[in-house]
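Here's a quick briefing to read alongside the model.

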Amino acid sequence: MSRDTHPHSPIPARPEPPGPAGAGTPSELPLLSVHAAVVFLAAVIIGFVMGGLMFLHDKSVPAAVGAGLVAAGGSVPVLHKLIG
């Protein structure tokens, strides 16, 4: 009887524990960081509030949209500095 001639891989001394189910690999990086998501969400809320207040004041949709966009855009750098 002959033994198997194929070499076997050595058994590791300590088997690696399985990683957590949600462990991300480099190919699964998030689209936005938590910091960026919070900044943009706060900017959107500020834009909606300012647009709503402008609409209640002037009853003009274009003026309200413009005010909301300016408020949201202007608040992004400020929120980045404050939250960062």
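What percentage of the 84 residues in the chain is made up of buried residues? Buried residues come to 13% of them, where buried means under 20% relative accessible area, exposed over 50%, and partly exposed in between (1.4 Å probe, protein chains only). Keep in mind that this is a predicted model: local features need pLDDT of at least 70, side-chain atom pairs count only at pLDDT 80 or more, and totals for chains, interfaces and linings use all residues. Residues are numbered from 1 along each chain as its sequence is written, and side-chain values use heavy atoms, with hydrogens and water left out.

**Overall layout**

- The chain's secondary structure is 2 helices and 0 strands; helices (H or I, at least four residues) and strands (E, at least two) are DSSP runs, numbered from the N terminus.
- Of the contacts (heavy atoms within 4.5 Å) in the chain with a separation of 6 or more, 63% are between residues 24 or more positions apart.

**The nonpolar surface patch**

- Leu41, Ile45, Ile46, Val49, Met50, Leu53, Phe55, Leu56, Val61, Val65 and Leu69 form a nonpolar patch on the surface, and together they have about 1,000 Å² of accessible area.
- Patches are made of residues with over 30% relative accessible area and no salt bridge, with like charges joined within 9 Å and nonpolar side chains (Val, Leu, Ile, Met, Phe, Trp, Tyr) within 5 Å; a salt bridge is a side-chain nitrogen of Lys or Arg within 4 Å of a carboxyl oxygen of Asp or Glu.
- Both α1 (34-58) and α2 (61-83) supply at least two residues of the patch, and α1 gives the most, with 8 residues.
- Phe55, one of the patch residues, sits in helix α1 and is partly exposed, at a relative accessible area of 34%.

- The 23 residues of α2 should span 33 Å at 1.5 Å a residue, and its end C-alpha atoms are 31 Å apart, so the two agree; the expected span is 1.5 Å times one less than the number of residues.
- There's a bend of about 35 degrees in α2 at Val76, with a proline, Pro77, following within four residues; the bend is the angle between axes fitted to the seven residues ending there and the seven starting there.
- Ala64, Gly68, Ala71, Ala72, Ser75 and Leu79 are buried in α2, and α1 is included in what covers the buried residues of α2.
- Gly68 counts as buried because its relative accessibility is 9%.
- Leaving aside residues up to four places away in sequence, Gly68 touches Gly47 and Gly51.
- The C-alpha atoms of Gly68 and Gly52 are separated by 7.9 Å, with the two residues 16 apart along the chain.

**Phe40 on α1**

- Phe40 is in helix α1 and is partly exposed, with a relative accessible area of 42%.
- Not counting residues up to four places away in sequence, Phe40 touches Leu32 and Val76.
- Phe40 and His80 are 40 residues apart along the chain, and their C-alpha atoms are separated by 9.1 Å.

**The loop**

- Lys59 is found in the loop between α1 and α2.
- Lys59 has a positive phi of about 55 degrees although it is not a glycine.
- Lys59 is exposed, with a relative accessible area of 58%.

How values were computed. Accessible areas come from the Shrake-Rupley method with a 1.4 Å probe; for residues, only the protein chains shown count as cover.
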